[in-house]
Amino acid sequence: MFIVWGRKITRRALGYVADFCGVCRVPRAFRMTRLGSVGHVYYISFGEGKLVGHQRTCTSCGAFSDADLNAYAGVSKSSGSLESLKRETYPGLDAALEQRLALEVRMQAAPHLLSAEERLGLIFSPINLLSPKVEKHFATTHMDGGVALAIAGGIGLCFIVPAIGAAISSEYGPPGFLLGMALGFALLIWQLIAAGPRFMRKEILPLLAKSLAPVKPSEAEVDRALREFKQAGHKIGKKLTASQVIEAIRSPR
Ligand SMILES: [Zn+2]
């Protein structure tokens, strides 16, 4: 007998802070979470464990990133209005954002008059902010609707195919079961492979397209940005193509 033990990450919601969201392109309320590392035996653990960091998640778009808790004046128990949240957690936010918001105004007015560097920065920022969501998703196998249907379909095939086989000839029943099992397995593999692109299409592309739309990027600019992320080992650079992003910007959902 062996004992399953190790460490796991615990998460505890601390409350809300106000900050700028690079995906939404405006100040937003963020959920602040404490991340701890705790020992577990058979995945049972006690306490919140040793502090390993904090994470803030935009309450509007769901993009999350590491956060420095000391950068905020406090954490609010409720999100309330953005103005009161700003006062309570980040009173200097408007002043800190002056330059960034001025850039946003220039971008809204005439995106093509920005320098190449400014444009690339505006394209990089939301990709960078959505990257942790992509990394987290692909770190584990996920069961989405398609995979669940494939499992149900696979089990069904194990009954249906031998039944059809047996109806044709009694000899075909047993090999029919094996054929049904093989088909069901193929169905599952197909859906597991399709689940990745499905996640990118449903969870990442719409957000990225919405965030990039005001920048009006060219396919070459998006391609350059994605290539750099790919080279840096970010999965988001590998799982999306520039033409997919441009297409999603042109026909938003
Ligand atoms: Zn956001």
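Colleague: Which residue in strand 4 is the bridge partner of H54?

Modeller: H54 has A67 as its bridge partner in strand 4. Before we go on, this is a predicted model, where local features need pLDDT of at least 70, side-chain atom pairs count only at pLDDT 80 or more, and totals for chains, interfaces and linings use all residues. Residues are numbered from 1 along each chain as its sequence is written.

Colleague: What makes strand 3 and strand 4 a pair?

Modeller: Two strands pair if DSSP finds at least two bridges between them. Strand 3 and strand 4 (residues 64-67) have four bridges, in the antiparallel sense, so they pass that test. A strand here is a DSSP run of E with at least two residues, while a helix is a run of H or I with at least four, and both are numbered from the N terminus. In the hairpin of these strands, five residues lie between them, and G62 there has a positive phi near 85°.

Colleague: How many bridges join strand 2 and strand 3?

Modeller: Strand 2 (residues 26-41) and strand 3 (residues 50-58) share eight bridges, again antiparallel. Opposite R56 in strand 3 you will find M32, and R34 stands opposite H54.

Colleague: Why are strand 1 and strand 4 called edge strands?

Modeller: Start with the sheet: it is open, has four strands in the order 1-2-3-4, and pairs in antiparallel fashion. Strand 1 (5-21) and strand 4 each pair on one side only, which is what makes them the edges. From one strand to the next, the twist averages 30°, with axes fitted as lines to C-alpha atoms (for helices over the stretch in contact) and angles from 0 to 180 degrees between N-to-C directions.

Colleague: Is R25 buried or exposed, and how do you know?

Modeller: A residue is buried if 20 or more other C-beta atoms, placed from the backbone, lie within 10 Å of its own, exposed if 12 or fewer, and partly exposed in between. R25 has 23 such atoms within 10 Å, so R25 is buried. This residue sits in the loop between strand 1 and strand 2.

Colleague: And what makes K216 partly exposed?

Modeller: K216 has 13 C-beta neighbours inside 10 Å, and therefore counts as partly exposed. K216 lies in the loop between helix 6 (173-212) and helix 7 (219-231).
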